[in-house]
Amino acid sequence: MKKDYKFRKEFLKAKRMIHKMISANPEITIAEMAVNTGVSDRQVRKYIKRMIDMKFFFYWT
């Protein structure tokens, strides 16, 4: 249970940071977001995928 809470808290913090970065600069790279958030590239990708799944972000193809 504690691990799940920690993950949610970390995700919420990262979600806010990622949203601000993308809003300020839509051309920002995953690597730049990873450096700014302090997590790995892979984790940033997971967070973005989760945000898309939650309909927080959407994109056109």
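## Buried residues

A residue counts as buried under 20% relative accessible area, as exposed over 50%, and as partly exposed in between, using a 1.4 Å probe and protein chains only. By this rule Y47 is buried, because its relative accessible area is 1%. F11 is also buried, at 3% relative accessibility.

## Basis of the model

This is a predicted model, in which local features need pLDDT of at least 70 and side-chain atom pairs count only at pLDDT 80 or more, while totals for chains, interfaces and linings use all residues. Residues are numbered from 1 along each chain as its sequence is written, and side-chain values use heavy atoms, leaving out hydrogens and water.

## The aromatic pair

The structure holds one aromatic pair. F11 and Y47 form this pair, with 5.5 Å between centres and 55 degrees between planes, a tilted arrangement. Rings of Phe, Tyr and Trp (its six-membered ring) pair if their centres lie within 6.5 Å; planes under 30 degrees apart are stacked, over 60 edge-to-face, and the rest tilted.

The pair links distant parts of the chain: F11 lies in helix α1 (residues 2-24) and Y47 in helix α3 (residues 41-53), 36 residues apart. Helices here are DSSP runs (H or I, at least four residues), numbered from the N terminus.

## A charge over the ring

The charged end of R50 sits over the ring of F11, 4.1 Å from the ring centre. This term requires NZ of Lys or CZ of Arg within 6 Å of the ring centre and within 35 degrees of the ring normal.

Key: Helix = DSSP H or I, 4+ residues; strand = E, 2+ residues; numbered from the N terminus.
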